[in-house]
Amino acid sequence: RYFTRWYKPDVKGRPCEDFCVLQHSNRRICVITLAEAHPLLQSGKTIKNINYQISANCSRLQNKVSGKSKRTCLFIFQMQGAQFLTELAPLCRISSSDGEEYTIYSCIRGRLIEVNENILSNPALLQEKPSTEGYIAVVLPKFEESKSITQGLLTQKEYEEVLLKRRGSAS
Amino acid sequence: MSSLTEKDRPVVQLLLNTGTCPRCILRFCCVGSQMLYRHPHEDLMKDLQELLKNSQEREDRVCLDVADPPCKRIRLEHREEGADDLNHNGAIPQLPSAGDGNAAMESSAGNVCNVCLGILQEFCEADFVKKVCQKVNSADYQFTSFVFSVSLPPQLSVRERAAWLGVKQQMRNLGLPLPKDDIVQLKEAYKWIIHPQLSEELGVPADGKSLFEVSVVFAHPETDEECHFLATACPDCFKPAKNKQSVFTRMAVIKALEKIKEEDFLKHFPCPPSSPKNLCDALEIQCNNGAVFVAGRYNKYSRNLPQTPWIIDGERKLESSVEELISEHLMAEFKADSFNFSSSGREDVDVRTLGNGRPFAIELVNPRRTRFSAEEMRRLQQAINDSSDKIQVRDLQLVTREAIGRMKEGEEEKTKTYSALIWTDKAIQREDIAFLDDIKELKLDQKTPLRVLHRRPLAVRCRLIHTMKSEYIDEHHFRLHLKTQAGTYIKEFVHGDFGRTKPNIGSLLNRTADILELDVESVDVDWPPTLAD
């Protein structure tokens, strides 16, 4: 509704690992989700485990953004505490029951606001509603970069052409 | 002590000789009679000279009574640096009398006082009063009283200290007891003199609590650097300057003067202070009226109107706003410089406000007009309502500053009722939504909605939906009336905001739901008072 869809296909060269970034009309907030073509969303895949622990020192769950104030100055401090992500920063790793492992990437530069803990308790949500309740994370790009972050991404139309090409070469 | 006595002669002598004006001399002698200060400069001069002359004739006690005209005029010679030719046995120094009887009474005529720099001289005169009143009258304010505030250059405090130290020195040298140091403050004496004159010209009384302020800033650039030595002597009193303003503020200078030791002071500053060449400048004469508050309630009938102007990157995205439509007329009538709009909560651009409307309060800054009758307010309300069909106001009235507090209270504590038009993806039947009517005090956990996350901190808020009432429309639509706690995000309750508001209509109905229209039906605040129309 208020979101523009941007796509990043074949992230890190891995075929069909496509992501969809939903950019809010306020031009800042971005919701990272799996695009429909992503292997995890294909039938037959069951999610075994979702892990926000990226490395020994870094867990996306420990992102310190929480606070309890309406005041804007506190908001700025919160943002400083939040982890800053680059396009290829991993958000989480998901393993499926068939032994495959997938890394979900940020796809845009910005501060990590929140990761979706609902999919931890209910992994099926990621597959049932990948574009809404099954989102991966929320990222807030820097104010100065809010227009430029979409430069590396494809519009809906461009993505659909990519999908067409894939089907063409497959057959 | 209300007038000068024999005891004061040494002080008077010293100060007169070193270039201090009569009124400052009265201050240093702790003369508390306001009347005395208001006497013309020349008269005061004569009286002082009379006092000193009489000391020569060895009369016991002289009380200054200005009803007695002085009978002789004495020419005073200016001496250098005070104490040199004093009789150190303690005798009061004799004044040389001028045989020629020249009326050089105004020995300080044309001499700017070395303590007040002219404030208690020229700036007490009718000319200056006229100048101030001209400014006031041309500014076209409506007022019934005034407060006159004066900003003095900080070096005055330094000079006063220096003159005082000179007096103390003199008294010690003469073997006389030290005089009381609760001298009359310059500002106070100034106001004693100028208030009655201003009051008479303006036709209204001076009142410390008045909302109408006439302010004057005095400066004396010639002596501005006199404060600088304090920065080396007491560096911690002076904080780095903000906004290009001088670090030598009055407060900082006074603080430093309290700290600095007498010996150090005297090392750096001449005692007594030198006579300046020029008077102070009266830099700015400004008028300011205290803010006036207007409150009321507004209805919003447009789904395309923001509450405050919507400007992104300098470009206005939507025409006008609630606050502009209301304030425009008020600004014109009250002739204010600016306004501050606040309300008991706010609604989105696309949300209407129905019912009794939402309470608001507008602070009008520096209004030229402040008094309006109830009838005039009614007409003002009508004018606003006639000018736009997007908003309407009611209960428009003048209120006090506490209005703002009431707004906040209303925003945070009071319930609101809404009407929402809801769409569902899967079909619904009447039975499917009937249960909503029975749910009371539904607890929601709402994370900060995505649509405001760019400017609000991430938080989870618990909110209550007190009651709901559904109205079936068709298989994909129904209307929901809800009464909720203050601060509840209704849209997010309907569509779920990516599952970040739980529960939500979608989860309750096990469908995907979205909100098509939202209206505020009431804001349950009983303020401002309803006016009988």
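This is a predicted model: local features need pLDDT of at least 70, side-chain atom pairs count only at pLDDT 80 or more; totals for chains, interfaces and linings use all residues.
Me: Which strands of chain A stand at the edges of the open sheet?
Reply: Six strands make up this open sheet, with antiparallel pairing, in the order S1-S2-S3-S9-S8-S5. A strand at either end has a single partner, so one of its sides is left without a neighbour in the sheet. The edge strands of chain A are S1 (3-8) and S5 (84-85).

Me: In the pairing of S8 and S9 of chain A, which residue stands opposite A:Val115?
Reply: Strand S8 (residues 110-115) and strand S9 (residues 137-140) of chain A run antiparallel and are joined by four bridges. The residue in S9(A) opposite A:Val115 is A:Ala137.

Me: What is the angle between the planes of A:Tyr7 and A:Tyr159?
Reply: Over all chains the structure holds 19 aromatic pairs. A:Tyr7 and A:Tyr159 form one that is stacked, at 4.1 Å centre to centre, and planes under 30 degrees apart count as stacked. The angle between the planes of A:Tyr7 and A:Tyr159 is 5°.

Me: How many residues apart are A:Tyr7 and A:Tyr159?
Reply: The pair links distant parts of the chain, with A:Tyr7 in strand S1 and A:Tyr159 in helix H4 (residues 156-170) of chain A. A:Tyr7 counts as buried at 5% relative accessibility, and A:Tyr159 is buried with a relative accessible area of 4%.

Me: Is B:Phe218 buried or exposed?
Reply: B:Phe218 pairs edge-to-face with B:Phe123, at 4.8 Å centre to centre and 65° between the planes. B:Phe123 is in the loop between H4 and H5 of chain B, and B:Phe218 is in strand S2 (residues 212-219), 95 residues apart. The relative accessible area of B:Phe218 is 2%, and buried means under 20%, so B:Phe218 is buried.

Me: Which residues do ring pairs link into a cluster with B:Phe123?
Reply: B:Phe123 counts as buried, at 8% relative accessibility. Ring pairs link B:Phe123 into a cluster with B:Phe128, B:Phe148, B:Tyr190 and B:Phe218.

Me: Which residue has its backbone oxygen 3.1 Å from a polar atom of the side chain of B:Asn114?
Reply: B:Asn114 lies in the loop between helix H4 (41-56) and helix H5 (126-138) of chain B, and at 0% relative accessibility it counts as buried. Beyond its neighbours within four places in sequence, its contacts include B:Gly19, B:Arg159 and B:Pro273. The backbone oxygen in question belongs to B:Thr18.

Me: How far apart are the end C-alpha atoms of residues 293-524 of chain B?
Reply: UniProt, in an unreviewed entry, lists these residues as "domain: Pus10-like C-terminal". Over this stretch the chain is 24% helix and 40% strand. The end C-alpha atoms are 22 Å apart.

Me: Which strand pairs with S8(B) in the parallel sense?
Reply: Strand S8 (residues 351-365) of chain B is mostly covered, with eleven of its 15 residues buried. Strand S4 (residues 292-300) runs antiparallel to S8(B) over eight bridges, and strand S7 (residues 338-343) pairs with S8(B) in the antiparallel sense over six bridges. The pairing in the parallel sense, over three bridges, is with strand S15 (residues 513-523) of chain B.

Me: In S15(B), what is the bridge partner of B:Thr353?
Reply: Residues can also be named for the other pairings of S8(B): B:Val294 stands opposite B:Ile362, and B:Asn340 has B:Glu363 as its bridge partner. In S15(B), the bridge partner of B:Thr353 is B:Val520.

Technical notes:
Residues are numbered from 1 along each chain as its sequence is written. Chains are lettered from A and ligands numbered from 1 in the order in which they are written. Side-chain values use heavy atoms; hydrogens and water are left out. Two strands pair if DSSP finds at least two bridges between them. Helices (H or I, at least four residues) and strands (E, at least two) are DSSP runs, numbered from the N terminus. Buried means under 20% relative accessible area, exposed over 50%, partly exposed in between (1.4 Å probe, protein chains only). A polar contact is a pair of N or O atoms within 3.5 Å; within protein, one must be able to donate a hydrogen and the other to accept it, and residues adjacent in sequence count only if both atoms are side-chain atoms. Contact means heavy atoms within 4.5 Å. Rings of Phe, Tyr and Trp (its six-membered ring) pair if their centres lie within 6.5 Å; planes under 30 degrees apart count as stacked, over 60 as edge-to-face and the rest as tilted. UniProt positions are given in the numbering used here, feature names are shortened, and annotations may be inferred rather than shown by experiment.
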